[in-house]
Amino acid sequence: MLIRVMTADDYDSVAKLWTSSSGIGVNPDDSKENISKYLQRNPATSFVAVENGEIVGAILAGYDGYRGFIHHTAVSVSHRGIGIGAKLANAAVDAIRSEGINKVVLVAFKTNTLGNNFWEKQGFAVREDLYYRDLRINNI
C-alpha cells in the first residue's frame, strides 16, 4: 500500500471513489476544474492510497493560512478496516501541521454514522456550540 500526494491526474479515480461511498456529499462544486484549483492551492496536503495501481482511498485536505480543513475522505469498501483511513488522515494532519497550522476542522453529515465514528477514533471532537452555514453564490 502506497500513500502519496493527490494530483489533479487522480481526479477521475478519486471522484469515482467519492461517489460510490455513502455519506459523502459530492456536488457540482467538486468538478475536476475546482478540485484541480484546490490542489494547486494546497499541493502537499491531500493524499491517495494506492494498491496495485488502483486508488483505494483518498482524502482532500488543505488550509487557508489559518485553519486546516478536511473535506472528502473515502476508502473503498473492499479495503476498509485495515487502517487506510487512519493513514490518510494522519498524512493530511501531519502535512497541515508542517505548514504551521494548529487546528484542523471538518464537516460530516449527522447521518454518516460510519464517518462520524471514524473521526471520533481519530480524535476529532463534535462541536455542539456551532451552526454550519453556507451561501450558494452561483447557481450550479
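Contact here means heavy atoms within 4.5 Å. Helices (H or I, at least four residues) and strands (E, at least two) are DSSP runs, numbered from the N terminus. This is a predicted model, where local features need pLDDT of at least 70 and side-chain atom pairs count only at pLDDT 80 or more, while totals for chains, interfaces and linings use all residues. Residues are numbered from 1 along each chain as its sequence is written, and side-chain values use heavy atoms, leaving out hydrogens and water.

Start with the sheet. Its 5 strands run in the order S1-S2-S3-S4-S5, open and with mixed pairing (two strands pair if DSSP finds at least two bridges between them). S1 (2-5) and S5 (104-106) sit at the edges with a single partner strand each, so one side of each has no neighbour in the sheet.

Now select 54-63 and 68-75. These are S3 and S4, antiparallel and joined by 6 bridges. Look for Gly62, opposite Phe69 in S4.

Next, pick 11-19. That's helix H1, lying across S2 (47-51), S3 and S4 at about 90° to S3 (axes are lines fitted to C-alpha atoms, for helices over the stretch in contact, and angles run from 0 to 180 degrees between N-to-C directions). Then try 32-41: helix H2 packs on the sheet, touches S3 and S4, and makes about 60° with S3.

Last stop: Phe124. Which residues is Phe124 in contact with, leaving aside its neighbours within four places in sequence? Show Ile70, Val93, Val104, Leu106 and Trp119, and you have them.
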